[in-house]
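Here is a short walk through one protein chain, written for someone meeting it for the first time. Take a look at the sequence and the 3D view, then read on.

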Amino acid sequence: MSNANKIVIIMGSDSDWQVMKPIAETLKKFDVGCSVQVASAHRTPERLQKIIQQAEQDGVKIFIAGAGGAAHLAGVIASHTVLPVIAVPVNATSMNGLDSLLATVQMPSGIPVATMAINGAKNAALFALQILSLSDETLAQALKKFRQHLADEVEEKNARLQKLLNE
Ligand code: RP5
């Protein structure tokens, strides 16, 4: 199976897409595809279960879930599968994402969800790539190159600052 279909992004609503879009963009930079679905843990529980079952049959390796408010989406996905579930708590209400963060991160013992920061979509993608890289050396090398790029950026920022301070 190619990397094309190993990740499924599930969002509670299409209104989560603006926050979740960087996941698809980041995966694309590493030549990893994904499918994206809207399904709600509360409003469409049967549809959610069907998506999970189908994904497992299709050989998907990782779920990434994003939802706001009483965000039980990632936890419910995790209750239906032993595949890794990565969660992005979405800032969607007057509680600025704290509601979704707590609803997502406070999973009961035995059913883990890897919870990212509020709106932390890019890290969700990178963490998924790190999981896939366990069995993909090319991907592992690409991630190392990306880390080097981050380090280079910090060096450049520091060099710019030093130059400014010495002017
Ligand atoms: C959550 O409620 C969704 O994940 C979204 O973050 C929020 C608002 O949903 P809509 O009212 O825009 O469908 O379930």
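Helices (H or I, at least four residues) and strands (E, at least two) are DSSP runs, numbered from the N terminus. Counted that way, the protein chain has six helices and five strands. Starting at the N terminus, their order is β-α-β-α-β-α-β-α-β-α-α.

A word on the background: this is a predicted model, where local features need pLDDT of at least 70, side-chain atom pairs count only at pLDDT 80 or more, and totals for chains, interfaces and linings use all residues. Residues are numbered from 1 along each chain as its sequence is written, and side-chain values use heavy atoms, with hydrogens and water left out.

Now for the overall picture. Along the principal axes, the C-alpha atoms of the protein chain fill a box of roughly 65 × 40 × 30 Å. Of the 167 residues in the protein chain, 40% are buried. Here buried means under 20% relative accessible area, exposed means over 50%, and partly exposed is in between (1.4 Å probe, protein chains only).

How many aromatic pairs does a search of the whole structure find? The search turns up one aromatic pair. The ring centres of Phe30 and Phe146 are 6.0 Å apart and the planes sit at 75°, so the pair is edge-to-face. It links distant parts of the chain: Phe30 is in the loop between α1 (17-29) and β2 (35-38), while Phe146 is in helix α6, 116 residues apart. For the cut-offs, rings of Phe, Tyr and Trp (its six-membered ring) pair if their centres lie within 6.5 Å, and planes under 30 degrees apart count as stacked, over 60 as edge-to-face and the rest as tilted. Both Phe30 and Phe146 are buried.

Asp31 isn't a glycine, yet it has a positive phi of about 60°. Most residues other than glycine have a negative phi. Asn96 is another case, with a positive phi of about 55° although it is not a glycine. The loop between β4 and α4 is where Asn96 sits.

Here is how a few single residues compare with the cut-offs above.

| Residue | Relative accessible area | Class |
|---|---|---|
| Asp31 | 69% | exposed |
| Asn96 | 53% | exposed |
| Lys157 | 49% | partly exposed |
| Glu156 | 47% | partly exposed |
| Val113 | 14% | buried |

Val113 lies in the loop between α4 and β5 (114-115). From Val113 to Ser40 it is 73 residues in sequence but 17 Å in space, C-alpha to C-alpha.

Helix α6 (residues 137-165) holds Glu156, and Lys157 is in helix α6 too. Lys157 and Leu143 are 14 residues apart in sequence, with 21 Å between their C-alpha atoms.

The surface has patches worth a look. Asp152, Glu153, Glu155 and Glu156 gather in one of negative charge. Met95, Leu98, Leu102, Val105 and Ile118 make a nonpolar one of about 420 Å². Met95 is in the loop between β4 (85-90) and α4 (98-105). Patch residues have over 30% relative accessible area and no salt bridge, with like charges joined within 9 Å and nonpolar side chains (Val, Leu, Ile, Met, Phe, Trp, Tyr) within 5 Å. A salt bridge is a side-chain nitrogen of Lys or Arg within 4 Å of a carboxyl oxygen of Asp or Glu.

Technical notes: Areas by Shrake-Rupley, 256 points an atom, 1.4 Å probe, with all protein chains shown as cover. Lys, Arg positive; Asp, Glu negative; His and termini not counted. Charge placed at Lys NZ, Arg CZ, Asp CG, Glu CD.
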